[in-house]
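Trainee: Could we go through this model together, one question at a time?
Mentor: Gladly; here it is.

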Amino acid sequence: MTEDHGEARQVQVDVAIVGGGIAGLWTLSLLRQHGYNAILLENNSLGSGQTRYAQGIIHGGTKYALTGKLTASSEAIAKMPSFWRSCLQGKGELDLSGVRLMSEHQYMWSTASLTSRMAGFFASHAMRSRTQALSESERPVIFQDKQFKGQVYKLDEPVLDTSSLVSALAEMNRNHLVAIKRLAANDNVLRVTDIDGDNYSINARHVVLTAGKGNEALLGVFGKQLPKMQLRPLKMVMLRGGLPEMIYAHCLGASVNPRITITSHKDSNGEIVWYLGGQLAEEGVPRTDEAQINEAKKELANETDNAVSVCWPTKLAFAPRLANRLLKQIQEQGISASGEQVLPSWSQPEVAKLPWQEEELWS
């Protein structure tokens, strides 16, 4: 329901979401699917924050079991690949059949020193359904070199293109996305100026913050200081130049995290780019750029109150679980769905470019 009132147009919604990454977009889609009149506010491009730097891996928990035993983390995420595959086939919670699948599976390789220790674990009953040991002829080309002495496993965990995922979720919700340049709040009344300079007074029965790192500043807008955000900084590395093939793989290490995680993409010229994460990215934060690049080269030889929910996205794979938890919380607070309402024709945000699609200086 909308009505003109002075300079600011009045808008009434059930839920206002602030932050247009995967978590916010999935939550918006799920709420609308359940009849809630919900909108999403974004002051940048969609997916321009944490989503933009995600590797697109739909984890099934295998990497959390690298110490040789299943953990609570590995079991919590074990069902997510099949959940996402149903959506990618158009049969799941959301229809993601238009999202580009980069790879049906990933690989995991071990160095010679770890092969004997891990072989028994990956052959165990608990892991046989998730992994498959590959013979030399079955391996990707880069692991068929005679100098390679380790083992290679195929993981039943897909990799998707995050940009096409953002685009698909945005397309489901077109007029429910608002590109803003200013936001102020008085309880659950949001005073918004969109990128065209039009003013809106949005009265929301509930507000959800899914802006990742931006939640810290947003809490101040709502007159709050808590909850404090737990930062997990990463320093990713991109590699290009005559790479032999597209590859999606993890290198086993001695800890819970892989020593290095590789996903492959194409830059604006169609050249293969390897995007490197894992322990390399976690431990690389204090390193200089040059030191981090050298290290990469070496490796390759929810708190809430009654009105506002604050969410920090973790794994891409967990975005649907986060959205369902928020839906349940909103329902438990007695906020019923009012159904679709006519909304203004406001400005809508664009989808962010991914890092390897930009014109950057490569060293």
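Trainee: In which loop is Gly-278 found?
Mentor: This is a predicted model, where local features need pLDDT of at least 70 and side-chain atom pairs count only at pLDDT 80 or more, while totals for chains, interfaces and linings use all residues. Residues are numbered from 1 along each chain as its sequence is written, and side-chain values use heavy atoms, with hydrogens and water left out. Helices (H or I, at least four residues) and strands (E, at least two) are DSSP runs numbered from the N terminus. On that basis, Gly-278 sits in the loop between strand 15 (272-277) and helix 8 (279-283).

Trainee: Which residues does Gly-278 touch, not counting those up to four places away in sequence?
Mentor: Contact means heavy atoms within 4.5 Å. With that cut-off, the residues touched by Gly-278 are Pro-258, Arg-259, Ile-260 and Thr-261.

Trainee: What handedness has the crossing of helix 1 and helix 6?
Mentor: Helix 1 and helix 6 (residues 162-172) pack at about 35°, with axes 10 Å apart. Axes are lines fitted to C-alpha atoms, for helices over the stretch in contact, and angles run from 0 to 180 degrees between N-to-C directions. A crossing is left-handed if the near helix is turned anticlockwise from the far one by less than a right angle, and right-handed if clockwise. For helix 1 and helix 6, the crossing is left-handed.

Trainee: Why are helix 1 and helix 10 described as oblique to each other?
Mentor: Helix 1 (residues 22-33) and helix 10 (residues 319-332) pack with their axes 9 Å apart, at an angle of about 50°. Angles under 35 degrees count as roughly parallel, over 145 as roughly antiparallel, 65 to 115 as roughly perpendicular and the rest as oblique. Helix 1 and helix 10 are therefore oblique.

Trainee: How do the residues lining the largest cavity divide into nonpolar, polar and charged?
Mentor: A cavity is a set of points on a 1 Å grid over the protein atoms alone where a 1.4 Å probe fits but cannot get out, and lining residues have an atom within 4 Å of a point. Among the lining residues are Arg-52, Val-166 and Lys-353. Ala, Val, Leu, Ile, Met, Phe, Trp, Tyr, Cys and Pro count as nonpolar, Asp, Glu, Lys and Arg as charged, and the others, Gly among them, as polar. The lining divides into five nonpolar, four polar and two charged.

Definitions and conventions: On a 1 Å grid over the protein atoms alone, a cavity is a set of points where a 1.4 Å probe fits but cannot get out, and a pocket is an open set with protein on both sides within 12 Å along at least five of seven lines; lining residues have an atom within 4 Å of a point.
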